[in-house]
Amino acid sequence: MRLSWLGLIASLCFATPAFAKTWRLAMVPKETDNPFFMATAEGCRVAAAELGNVECIFRGNKHIDVRLQDKIISELLDQGVDGIAIAVTQSEFLAAHSVAKAARLGIPLITYDADFSAATLQTNPNIRKAYVGSDNLAIGQGLGMQLQRLRPDGGVLIIQSGRPDSPNLNQRVMGIRMALSGKTYTKPPGERLQGENGWREFRPPMHNFGHNVDALQDLQTVLKLYNDDLVDAFVAVGGWVQFSDTFRLTVEPYREALQSQQMVLVIGDTARQQMTYLAEGVVAANVGQNPFEMGKQAIKTLYQIVNQQSYQHTVEIPLRFCDQINYKTCLD
């Protein structure tokens, strides 16, 4: 009888891992129809597989819509997820609605790629546990430095962004303006370039609200302005124009001008298809992050939080600076 009890106790001990809790950790991107966020989803799934007792839930809207993002977060909370990583679309709205709900329920939140605005964090420093991503001001400064390298005497540019109230994208716009003007701004998106160091913005930034088709239409407008000798540079703080299937068709009539850099395109993000255009010379430079690693680190950080382990409050993902010479190194 004693041996039987010992055997039973041993079997229960060895069986314990099979009954270990499975943590349901969610990622809510700004948009799902975007290769950048698709790569974060893959990172989420790989991290879940490596950890073993994690379910990766990747859920979002096809295009950027703060109200739909807020609804998705609220639904995930109702479904009893253990933690959520959010790429913030609009800081104040989320903070007042689904994020406040998460706080009431005691569900930990972190941000990735896009953090809450400085004003929101100052008002509520505990609104999220951690941020996983890159320095968005540095991304903008990198884009500006690439333009400065290509146009040392300055030029006339148009900036393209997503939402006008996106905290991380406004940081990038400000970084471009700081790099080109030599000035320091503290309030995003900084001030429109009016001739500093030879640089002038033809118009205020174009905003595509995360719609690739609209982003490409903006580029078509800019290229027509180039034909009229009104602009000679275009910089996008995200890769929307290059995520459209008809990007190559749009730039084809201007291929000679782009390859000779009479007209310069500098684009954010460094997805694989973007490196193809860089190799062809129709884009002068890309500055981006490593979204796959960002997705992995976001889930691993959430896992540490829900297991009450030590974790980093800021996990910085290094930037990638890609041009027509080193583009092959950016394919990893």
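The structure is a predicted model, in which local features require pLDDT of at least 70 and side-chain atom pairs pLDDT 80 or more, while totals for chains, interfaces and linings use all residues. Residues are numbered from 1 along each chain as its sequence is written, and side-chain values use heavy atoms, with hydrogens and water left out.

The mean pLDDT (the predictor's confidence in each residue, from 0 to 100) is 93, and 94% of residues reach 70 or more. Residues 6-18 fall below 50, and beyond near neighbours in sequence this stretch makes 0 contacts in the model (heavy atoms within 4.5 Å).

The chain contains 13 helices and 13 strands, taken as DSSP runs numbered from the N terminus (helices H or I, at least four residues; strands E, at least two). Its C-alpha trace spans about 95 × 40 × 30 Å along the principal axes. Of the 332 residues, 54% are buried (under 20% relative accessible area, 1.4 Å probe, protein chains only). Among contacts between residues at least 6 apart in sequence, 72% join residues at least 24 apart.

On a 1 Å grid over the protein atoms alone, a cavity is a set of points where a 1.4 Å probe fits but cannot get out; lining residues have an atom within 4 Å of a point. The count is 1 cavity of 30 Å³ or more. The largest cavity has a volume of about 140 Å³, the volume being the space filled by probe spheres set on the points, which are joined across faces, edges and corners. It is lined by 15 residues, of which Asn34, Phe37, Asp113, Arg172 and Trp240 are the closest to its centre. The elements giving two or more residues to this lining are α2 (35-51) and α8 (167-181), and α8 gives the most, with 3 residues.

Methods. 1 Å grid on protein atoms, 1.4 Å probe; cavity = no way out; pocket = protein on both sides within 12 Å on 5 of 7 lines; lining within 4 Å. Buried < 20%, exposed > 50% of the residue type's maximum accessible area, 1.4 Å probe, protein only.
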